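Colleague: I am new to this structure and would like to go through its aromatic rings. Please show it first.

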Amino acid sequence: MVDLNDKVIRGYLMSLVGEEGLKMIEEMPEGEVTDEEIAAKTGVLLNTVRRTLFILYENKFAIVVRERDSNSGWLTYLWHLDFSDIEHQLMREKKKLLRNLKTRLEFEENNVFYVCPQGCVRLLFDEATETEFLCPMCGEDLVYYDNSQFIGALKKRVEALSSA
């Protein structure tokens with residue numbers, strides 16, 4: 001089983017399935033079980049269990065086996081969790097985040113921004129010229145926005161992720 005006390009793994013799973021889903025994962029019985037059994041043993045609502053299982057299945061953390069009852073013809077779905085690939089998934093997420101941060105950093109470095117002092121909008125220079133440097137929402141004069149602190153924060157984050 002995966003170490004759910006690891007803050008990175010816990011945070012990742014929390015972002016995928018939420019607090020109730022994480023509770024279900026923590027309390028899920030061993031072996032192959034039905035969604036109804038999971039709901040009964042974890043105290044999580046059946047709809048939440050099903051939603052969580054589907055999300056985990058989409059992310060390759062849950063395996064489902066279909067069994068057909070020979071007498072009634074009904075299908076039974078048996079679930080079990082498999083987090084053996086979580087390190088690989090976390091690396092993919094890290095690469096995606098790094099790529100997005102680098103794209104945002106490049107955008108911030110290569111553009112000039114103007115903002116409404118009332119906080120209505122932040123516009124690119126070209127957009128600000130189209131509105132004659134007036135806020136399209138409230139009509140206030142737009143002012144230059146120095147994004148150097150934001151650029152610095154993005155650079156730190158990119159550097160931290162690149163070295164980790």
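Modeller: This is a predicted model. Rings of Phe, Tyr and Trp (its six-membered ring) pair if their centres lie within 6.5 Å.

Colleague: How many aromatic pairs are there by this rule?

Modeller: The rule on ring centres is the one just given. Applied here, the count of aromatic pairs comes to eight.

Colleague: Is the pair of Tyr114 and Phe125 stacked, edge-to-face or tilted?

Modeller: The centres of these two rings are 6.1 Å apart. Planes under 30 degrees apart count as stacked and over 60 as edge-to-face. The planes of Tyr114 and Phe125 are at 45 degrees, so the pair is tilted.

Colleague: How many residues apart in sequence are the parts that this pair ties together?

Modeller: Tyr114 lies in strand β3, residues 113-115. Phe125 lies in helix α5, residues 125-130, so the parts tied together are apart in sequence by eleven residues.

Colleague: What kind of pair do Tyr114 and Tyr144 form?

Modeller: Their ring centres are 6.0 Å apart. The planes are at 75 degrees, so the pair is edge-to-face.

Colleague: Which strand holds Tyr144?

Modeller: The pair links distant parts of the chain, 30 residues apart. Tyr114 is in strand β3, and Tyr144 is in strand β5.

Colleague: Is Tyr114 buried or exposed?

Modeller: Buried means under 20% relative accessible area. Tyr114 has a relative accessible area of 16%, so Tyr114 is buried.

Definitions and conventions. Residues numbered from 1 in each chain as written. Predicted model: local features only at pLDDT ≥ 70, side-chain atom pairs only at ≥ 80, totals over all residues. Heavy atoms only, no water. Helix = DSSP H or I, 4+ residues; strand = E, 2+ residues; numbered from the N terminus. Buried < 20%, exposed > 50% of the residue type's maximum accessible area, 1.4 Å probe, protein only.
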